Amino acid sequence: MRFQNVTVAGAALVKPPRVVSSLEVEARLAPVYDRLRLSAGRLELMTGIRERRFWQPGTRSSTVAAEAGRQVLGDFPPEKVGCLIHASVCRDFLEPATASVVHEALGLPETCAIFDLSNACLGVLNAMAQIATMIDAGQIEAGLAVSGEIAEPLHEATIASLLNNRKPDKRHLKGQFASLTIGSAAAAVLLVRKGLAPGPRLLGGAVGTDTSANHLCKADPGDMTPDGPIMNTDSEGLMHAGIALAARTWGRAKAELDWNDDTPAHIFTHQVGKAHAKLTFETLGLDQTRDFPTVGFMGNTGSAALPGAYALGLEAKRFAPGDITALLGIGSGLSCLILGLEH
């Protein structure tokens, strides 16, 4: 895909107020750890995640997604927003679209199209590509992609499931281990027609899909518990299949954008864990010093992870004119989307 007239006018991350360390999570799981003869510190050692954040009880996806949208809009005229996409894994309800609640909260115009887009952790990048396509087609002048991930129900249900298992084994723990890395966050990205607001130009990118791996990470409605949803993940299988897909997609992105491995000065990836990041950069032949990791203090925040890291990067890093940035997203299913920006 190629985009001609699209600017990324800003990105925002909203951090939840409650910080929960990996040691606190393991303290709650002490009965399981004791029975399996596991030592505390294992969670951070294996993932690099020392803490994650949670919202106050009862927080809704629309509330925090709207706050992220409010922050990224700033002084931008809301009447110019022609499309709003709510792209979280989490949503307020099945019907209507959670985007309708965000639209009302932000006071967006009647002419603004709204819908929810769901594609696991890749949702916001998919939403960005959709909005950019609409801008290039002349359908809208600006669009907003938002995400509000609420990890608490999954986190609590996972801990309850592990504690309630009277005969725990390492296989059971391994299947739910990834759920212990999840954190909450909200993010938003504003895209506009070139010239409407300052920001890097969205160049385009490439897509990759490997649905033979759609069984590696699942939260099935049949596995819903009174405490919340349960997700079963083959973490190792998902990591290797996802990175293999990312490598193939990276090859297509380089060809599409006329890049080489040294072209991006900055790289933002989906935040899963330290082993995943290391293997990704090694497999793709990229310099890991160009990465901007946030997983250590945010956990895996689903669809908010990559845009949230980019938002923090905009605050913390110096982007020189002409700098190229790669956004490398992966979502279970499997899907991969790589987008390029030029500052």
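Buried means under 20% relative accessible area, exposed means over 50%, and partly exposed lies in between, with a 1.4 Å probe and protein chains only. This is a predicted model, so local features need pLDDT of at least 70 and side-chain atom pairs count only at pLDDT 80 or more, while totals for chains, interfaces and linings use all residues. Residues are numbered from 1 along each chain as its sequence is written, and side-chain values use heavy atoms, with hydrogens and water left out.

**Stop 1: Thr158**

Select Thr158. Its relative accessibility is 0%, so Thr158 counts as buried. Thr158 sits in helix α7, residues 152-164. Helices (H or I, at least four residues) and strands (E, at least two) are DSSP runs, numbered from the N terminus. Now show its contacts (heavy atoms within 4.5 Å). Setting aside residues up to four places away in sequence, Thr158 touches Gln176, Ser179, Leu180 and Ile230.

**Stop 2: the nonpolar cores**

Keep Leu180 selected. Leu180 is among the residues with the most contacts inside the largest nonpolar core, along with Val25, Leu29, Trp250, Trp259 and Leu334. This core has 42 residues. A nonpolar core is a set of buried Ala, Val, Leu, Ile, Met, Phe, Trp, Tyr and Cys residues joined through side-chain atoms within 4.5 Å. Elements giving two or more residues to the 42-residue core are α2 (30-36), α7, β8 (201-209), α9 (235-257), α10, β12 and β13 (335-342). Colour α9 next: it gives the most to this core, with 7 residues.

Move to Trp250. Beyond its neighbours within four places in sequence, Trp250 is in contact with Trp259, Asn260, Asp261, Pro264, Leu284, Leu286 and Ile338.

**Stop 3: the cavity**

Rolling a probe the size of a water molecule over the atoms shows where empty space is left. On a 1 Å grid over the protein atoms alone, a cavity is a set of points where a 1.4 Å probe fits but cannot get out; a pocket is an open set with protein on both sides within 12 Å along at least five of seven lines; lining residues have an atom within 4 Å of a point. Grid points are joined across faces, edges and corners, and a volume is the space filled by probe spheres set on the points.

The whole structure holds 1 cavity of 30 Å³ or more. The largest cavity has a volume of about 40 Å³. To find it, select lining residues including Cys121, His270, Ser303, Pro307 and Ile330. α6 (123-136), α12 (305-316) and β12 (324-331) each supply at least two lining residues. α6 gives the most, with 3 residues. The lining has 7 nonpolar, 4 polar and no charged residues. Here Ala, Val, Leu, Ile, Met, Phe, Trp, Tyr, Cys and Pro count as nonpolar, Asp, Glu, Lys and Arg as charged, and the others, Gly among them, as polar.

**Stop 4: the second largest pocket**

This pocket has about 160 Å³ of space. Of its 17 lining residues, select those closest to the centre: Gly273, Lys274, Ala277, Asp291 and Val295. α10 (274-284), α11 (295-298) and β12 each give two or more residues to the lining. The largest share, 4 residues, comes from α10. By class, the lining has 6 nonpolar, 9 polar and 2 charged residues.

**Stop 5: the cysteines**

A disulfide is a pair of cysteine sulfur atoms within 2.5 Å. By this rule there are 0 disulfides. Select Cys83: the nearest cysteine sulfur, that of Cys112, is 6.2 Å away. Finish at Cys217, which is buried at 17% relative accessible area. Its sulfur is 7.5 Å from the closest cysteine sulfur, in Cys121, too far for a bond.
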